[in-house]
Amino acid sequence: MKIYQKLLLVFVFLYLSNPIAAQTDAEKIKKVENDFNFLLYFKREYERYDAALEYPNIPQTRRDSLQVKKDSWYNKYVQKAKSIRENADFYLPVINEAIKNGRVESDQPERVLYNHVNTLLPFDGELNSVSRLELHKLVKQYIIEADTLLPAKTEAYRKVGHDVGSYKLIR
């Protein structure tokens, strides 16, 4: 009788542990994807205000306001990158699994807008977006391993002869 109770207990434990593990992995992947989305959002907003400051005929009061917003978004971008780098042990298993599988297990769109573009004007989606897998590789290469921010532009820019550049983290 005791052997049946032990077997039943083992089966119950195995049955309950699998959905919990799967749920935890799914929640972890979702958190990583959300953090990467915020990272790109902060990057794009910083670039938006940086681009706005390039116009020569902006009044000084407006220019000061834009500079404050640009600096604020840059600080958010840097802080998110630092947070990812400092918690690399949380992000790397998800990133490495995605790289190993050749795809990201996510219910979000396959491609994501990488850098700021004025969406009211025509733009090349290939030059301004990356796949989720490419984003994972970029985060690993630049933020976690190289201790920098993401490149300013996508790799597609380099292929058409432009510089992709990258930003350094503020310490």
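This is a predicted model: local features need pLDDT of at least 70, side-chain atom pairs count only at pLDDT 80 or more; totals for chains, interfaces and linings use all residues.
Helix 1 is the top contributor to the lining of the largest pocket, giving 4 residues.

**Pocket.** I looked up the volume of that largest pocket and got about 230 Å³. Which elements give two or more residues to its lining? I find helix 1 (2–52) and helix 2 (60–86). Then I went through the lining residues by name: Arg48, Tyr49, Ala51, Ala52, Tyr55, Ile58, Arg62, Leu66, His116, Val117 and Asn118. Sorted by class, I have 7 nonpolar, 2 polar and 2 charged residues in this lining.

**Asparagine 75.** Next I checked asparagine 75, which sits in helix 2. Is asparagine 75 buried, exposed or partly exposed? Its relative accessibility is 44%, so I put it down as partly exposed, since that class runs between the 20% and 50% cut-offs.

**Aspartate 147.** Last stop was the backbone at aspartate 147. Its phi is positive, about 60°, and aspartate 147 is not a glycine. Where does aspartate 147 lie? I located it in the loop that runs between helix 5 (132–145) and strand 3 (148–151). Accessibility came out at 22%, so aspartate 147 also goes down as partly exposed; the cut-off for buried is under 20%.

How values were computed:
Residues are numbered from 1 along each chain as its sequence is written. Side-chain values use heavy atoms; hydrogens and water are left out. On a 1 Å grid over the protein atoms alone, a cavity is a set of points where a 1.4 Å probe fits but cannot get out, and a pocket is an open set with protein on both sides within 12 Å along at least five of seven lines; lining residues have an atom within 4 Å of a point. Grid points are joined across faces, edges and corners, and a volume is the space filled by probe spheres set on the points. Ala, Val, Leu, Ile, Met, Phe, Trp, Tyr, Cys and Pro count as nonpolar, Asp, Glu, Lys and Arg as charged, and the others, Gly among them, as polar. Buried means under 20% relative accessible area, exposed over 50%, partly exposed in between (1.4 Å probe, protein chains only).
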